[in-house]
Amino acid sequence: MSRFLNHKLQDLEPYTPGEQPKGIDGLLKLNTNESPFAPSVHVRHVLNAFNKDDLRLYPDPTCNDFLTALANTFDVKQTQVTAGNGSDELLAFAFAAFCENGAAFADITYGFYKVFAQLYGVNAQKVPLKDDFSIDVSDYKDIKGTIFVANPNAPTGIALGLNDIKELLCQDENRLVVVDEAYVDFGAESAVLLLKEFDNLLVIGTFSKSRSLAGARLGYAIASQHIIEDLNKIKYSFNPYSINKLSLLIGEATLKDGDYLKSCAEKIIVARENTVRALSQLGFTFTDSSANFLFAQPPAAISAQDYYEKLRQNNILVRYFDAPRINNYVRITVGKASAMERLVEVTGQILGELQ
Ligand SMILES: *Cc1c(COP(=O)(O)O)cnc(C)c1O
């Protein structure tokens, strides 16, 4: 730490991203919830047709063409959408803009919420999940700060029904509820429909997971026109050009390929359920995941940390969180069927060697 750092930031604990190893041949990467499927073919076409000389010019700060396509996809007005450099950027903007009365989120959820709260000096209240890691929305009824819910939640994969989201919205119409739908396409219901009824709702989504574009850094927000204006106020006070030209183009192209994205998500769901069946036979237990990952507790014969390390020795990378309540689980990204078969096979070997 230099002597120049603002003292308010001295205790800031940054987010720890999952490992992105380079050049390890044959490594099975099931640790950061990326898609195993290629982006839409339209992405390739757009990139091939792109005139490189255009990189001289700044991208469109209004993201007009991309947002037109996005608004059409979600059947909302264009004034109700904005885009960010990954959904993380929009989540950061939400913490900067809407948390004067503090923020509240589950004790076990996406790690970035805590980091953003710290970064922006927001008072954060952690609301414990129930023992089974589900959310009891009645725990939120007296909370005044902005609520952040990942739906499905991470790293548990558990989805909240729209009736529960509605309950959160009804508890206090003067309190904003931010629903982070990073994994919604793998089995949960989107809250976007509720925007017809509620103006205290902000839905945030990403192209990183079900749309196979983690490397492009593209996220979106959908809300009332006024909330979107507020987010744009922050965006234009920070970096009006946060989304580069190529990402805008490939994001727009991807939205034209809804059927392909749907078929990829369906494959993930099938692979997820097959993996649950196979690993259950080996003694694993799971939360009920509606996401593209599994939150798995190994059988008593092996700790989660040992299982994580053994998988690593076998060139399979999953995520282990050394944190209270969840340190006996691993989070396994669901990949292609063949990848999951290898995971199951190696897991069988690991358990066999213990005997
Ligand atoms: C992956 C993820 C995001 C965001 O990702 P971006 O790549 O920044 O769009 C947001 N929320 C949750 C819960 C996630 O898991």
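**View 1. The shell around the ligand, by class.** Three nonpolar, four polar and four charged residues make up the shell around the ligand in this predicted model (nonpolar: Ala, Val, Leu, Ile, Met, Phe, Trp, Tyr, Cys and Pro; charged: Asp, Glu, Lys and Arg; polar: the others, Gly among them). Surrounding the ligand are Gly86, Ser87, Asp88, Tyr110, Asp180, Ala182, Tyr183, Thr206, Ser208, Lys209 and Arg217, where near means a heavy atom within 4 Å. Helix α3 (residues 86–98) contributes the most to this shell, with three residues; helices are DSSP runs of H or I with at least four residues, strands runs of E with at least two, numbered from the N terminus.

View 2. In the side chain of Asp180, an N or O atom is 2.6 Å from a nitrogen atom of the ligand. Oxygen atoms of the ligand lie 2.7 Å from a backbone N or O atom of Ser87 and 3.1 Å from a polar side-chain atom of Lys209. The protein buries 93% of the 390 Å² that the ligand exposes when taken alone (Shrake-Rupley method, 1.4 Å probe).

**Notes.** Residues are numbered from 1 along each chain as its sequence is written, and side-chain values use heavy atoms, without hydrogens and water. As the model is predicted, local features need pLDDT of at least 70 and side-chain atom pairs count only at pLDDT 80 or more, while totals for chains, interfaces and linings use all residues.

Conventions: A polar contact is a pair of N or O atoms within 3.5 Å; within protein, one must be able to donate a hydrogen and the other to accept it, and residues adjacent in sequence count only if both atoms are side-chain atoms.
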